[in-house]
Amino acid sequence: MLIAQITDTHIKAEGRLAFDTVDTAPALSRCIAAVEAARPKPDVVLITGDLVDNGTAEEYARLKAILAPLTIPVYLIPGNHDERGALRTAFGDAGYFPADGEFLQYTIENWPVRLIGIDTVVPRRPHGELCDARLAWLDDRLSEQPDRPTVVFMHHPPFATGIAFMDMYALKQPERLGAVIARHPQVERLLCGHVHRSIQVRFHGTVASIAPSSAHQLTLDLTATPNGAFMLEPPGFHLHLWRKDTGLVTHNAVIGDYAGPYSFFDKSGKFIQ
């Protein structure tokens with residue numbers, strides 16, 4: 001199974017730029033084209049939050065139009081920039097969001113790897129939380145199929161990255177999530193967004209990872225002083241390849257046109273020294 005993870009798309013209304021600088025809509029279109037061109041083509045696409053920038057119906061309508069060229073299933077989870085009601089209204093016809101209830105979280109069952117999306121949003125706040133109800137829901141879902149490889153995907157990372165500005169706004173009380181994950185060794189990976197960089201760490205018996213943004217990246221600043229800034233580094237997405245013999249292997253895919261590929265061998269088939 002091949003899973004494409006896109007994150008932090010931050011779609012704005014027509015004519016608006018993110019931070020007066022980044023045109024996120026064409027950036028996402030280029031990302032979608034790269035996913036569609038991948039060989040083999042991914043089986044599913046997960047988009048891990050901050051789908052739009054202000055949570056408006058106009059932004060979600062624009063996001064839906066940009067995603068329309070995808071020929072493979074796409075599953076969304078909200079981030080702190082999203083608004084649950086508007087997101088449910090715009091994408092409820094896809095059938096995987098719960099029809100009612102406060103949280104937009106769900107399971108996807110019809111693939112070799114089980115997918116569980118969990119909602120970490122605190123309305124109108126930049127940080128994430130998992131309350132007792134959400135943690136209990138996740139624990140119950142994981143208990144249903146203890147022998148099936150599973151990916152849990154969400155927006156806020158449950159670990160400090162060393163980027164002080166974003167660590168202030170990570171998932172609060174991550175040890176509570178860790179206690180749930182530790183009880184369920186079938187969890188292959190926690191997939192996150194929010195930080196706009198490719199980052200990985202061991203987490204309570206599994207691996208937690210963050211994918212880069214499809215648009216702008218956070219500045220790689222590992223000093224202790226919070227310094228909120230972003231870079232127009234090459235955007236990207238993650239490809240997560242699951243096989244029975246290896247489990248989940250993650251590749252960082254960079255979006256853009258670059259020279260190559262160049263062969264290691266000459267026309268006669270001889271290795272070039």
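The side chain of arginine 134 comes to 3.1 Å from the backbone oxygen of valine 121. This description rests on a predicted model. Arginine 134 lies in helix α4, which spans residues 132-144. Its relative accessibility is 4%. Arginine 134 is therefore counted as buried, the cut-off being under 20%. Beyond its neighbours within four places in sequence, arginine 134 contacts a run of residues that includes Ile118, Asp119, Thr120 and Val121. Arg84, Phe103, Gln105 and Glu129 are also in contact with arginine 134.

Helix α2 covers residues 57-67. Its buried residues are Glu59, Tyr60, Arg62, Leu63, Ile66 and Leu67. Viewed down the axis of α2, these buried residues fall within an arc of 160 degrees, so they line one face of the helix. Ala57 and Ala65 are exposed and sit on the face of α2 turned away from the buried side. The buried residues of α2 pack against two helices, α1 (24-37) and α3 (84-91). They also pack against the strands β2 (44-48) and β3 (74-77).

The structure holds 1 cavity of 30 Å³ or more. The volume of the largest cavity is about 50 Å³. Its lining includes Ile163, Ala164 and Phe165. Leu218, Thr219, Asp221, Thr223 and Thr225 also line the largest cavity, as do Pro226, Asn227 and Ala229. By residue class, the lining of the largest cavity divides into 6 nonpolar, 4 polar and 1 charged.

Technical notes:
Residues are numbered from 1 along each chain as its sequence is written. This is a predicted model: local features need pLDDT of at least 70, side-chain atom pairs count only at pLDDT 80 or more; totals for chains, interfaces and linings use all residues. Side-chain values use heavy atoms; hydrogens and water are left out. On a 1 Å grid over the protein atoms alone, a cavity is a set of points where a 1.4 Å probe fits but cannot get out, and a pocket is an open set with protein on both sides within 12 Å along at least five of seven lines; lining residues have an atom within 4 Å of a point. Grid points are joined across faces, edges and corners, and a volume is the space filled by probe spheres set on the points. Ala, Val, Leu, Ile, Met, Phe, Trp, Tyr, Cys and Pro count as nonpolar, Asp, Glu, Lys and Arg as charged, and the others, Gly among them, as polar. Buried means under 20% relative accessible area, exposed over 50%, partly exposed in between (1.4 Å probe, protein chains only). Helices (H or I, at least four residues) and strands (E, at least two) are DSSP runs, numbered from the N terminus. The arc is that of the directions from the helix axis to the C-beta atoms. Contact means heavy atoms within 4.5 Å. A polar contact is a pair of N or O atoms within 3.5 Å; within protein, one must be able to donate a hydrogen and the other to accept it, and residues adjacent in sequence count only if both atoms are side-chain atoms.
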